[in-house]
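Thanks for coming, everyone. I have one structure to show you today. Let me put it on the screen.

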Amino acid sequence: MSAVEVRGLVKTFDGHVRRRGSGDQVRALDGVDLAAAAGEYLVLLGPSGCGKTTLLRTIAGLEQPTGGEVLIGDQVVNGLPPRVRQVAMVFQSYALYPHKTVLDNIVFPLKAEKTPKAEREKKARWSAGLLGIEPLLGRKPRQLSGGERQRVALARALVRDPAVFLLDEPLSNLDAKMRASARDELRRFQERIGTTTIYVTHDQAEAMGLGDRIAVLERGRVRQVGTPVEVYDDPADTFVATFIGSPPMNLVRNGGALVGFRPEHLLPAEIVSGERVTMPLRVDRMEYLSGDRHVYGTVTGIGAETRVIARLPATVTVPLEPGETHGFSVAEDRLRFFDAEAGTRTDPVRIGP
Ligand SMILES: Nc1ncnc2c1ncn2[C@@H]1O[C@H](COP(=O)(O)OP(=O)(O)O)[C@@H](O)[C@H]1O
Ligand SMILES: [Mg+2]
């Protein structure tokens, strides 16, 4: 396994291919600095179009950067072709050959490298064994479920014994239930083989569940890197605050500042003790989700009315009725402050470097 680092990475594309005649440039990566330690599971999280795939392809050597450096295991690999980088990428589409069997799909990268036949098959069986797909080796991709195809794509990536795994939204073709179990499987698989993994997703729940650390990207830039707890509790800006968490962090304007607090920290005033701020909240409607009461309300007291969401656990039985206004409080140590214009934090970020 190897550490991976990118320094000042910039990638621009000619826009006129897609937007005919306009000739403008798309800046897919706008100065990205990021490092994954050897053996780390780093998740890249961001909305569609923010540059996640471009970043992975640039690390893999499938794209040449416009500026900056890519390092794999302390070596600058700019200009080196993909096959010598010891990187295996699993694509969003899996890119399996439909007419080849599972076995032939898995050995394909070894064939391309002219590995002897006996060794090829041995490695294929080893990786198929690790992923529990040995019984499927004779099938064609169309005879497999989405989850099985994903495992074949992983097995194919694994046979080359890569120093780094790059996974581009590998679960996005699975239904919600399959996704949860495949996520768990992927994580256990990585723990067993210990290979450095960079995993791309636009799904914040997936990122929170999988990552040792999460790098949040927006428009070709890294907004924050931290453990799941750090980016959740201590978001560096309003983008991270609202992209992570479902429902997202509440943001209420107070003068030139935005005050942020998570839905689970906004509670009926009578059950919050200690230092706190209290606001009148008009209850608009309620939803019940996995035992929690989600209260959709409007903060009426301070300047412009603001929609907020409170998430009350089932243990909080305070009666609330739509249309009624009730005092809600947030403990002071749960408040986060942001510049209303720039969106950046104005109070110190508390955890992590
Ligand atoms: N080959 C290309 N030519 C032109 N523009 C591209 C190309 N590849 C990606 N882009 C643009 O770069 C931006 C980032 O794309 P991408 O890395 O695919 O984002 P993500 O994977 O986060 O959805 C988008 O605006 C996309 O349209
Ligand atoms: Mg993508």
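**Around ligand 1**

Start with threonine 53. An N or O atom in the side chain of threonine 53 sits 2.8 Å from an oxygen atom of ligand 1. Keep in mind that this is a predicted model.

How much of ligand 1 does the protein bury? On its own, ligand 1 exposes 560 Å². The protein buries 73% of that area. For background, interface size is often quoted as the accessible area lost when the parts come together.

Now the backbone. Glycine 51 has a backbone N or O atom 3.0 Å from an oxygen atom of ligand 1. For cysteine 50, a backbone N or O atom is 3.2 Å from an oxygen atom of the ligand.

Next, the whole shell. There are 12 residues around ligand 1. Those that come nearest are Gly49, Gly51, Lys52, Thr53 and Thr54.

Which elements supply them? Two to point out here: β2, residues 25-36, and α1, residues 52-60, each give at least two residues to the shell. The most comes from α1, with 3 residues.

Last, zoom out to the chain. The domain assignment gives domain 1 as 4-233 and domain 2 as 250-339. How far apart are the C-alpha centres of the two domains? The distance between those centres is 40 Å.

That's my tour. Over to you.

Terms used
Residues numbered from 1 in each chain as written. Chains lettered and ligands numbered in written order. Predicted model: local features only at pLDDT ≥ 70, side-chain atom pairs only at ≥ 80, totals over all residues. Heavy atoms only, no water. Domains from an automatic or database assignment. Near = heavy atom within 4 Å. Polar contact = N/O pair within 3.5 Å; in protein donor to acceptor, adjacent residues only side chain to side chain. Areas by Shrake-Rupley, 256 points an atom, 1.4 Å probe, with all protein chains shown as cover. Helix = DSSP H or I, 4+ residues; strand = E, 2+ residues; numbered from the N terminus.
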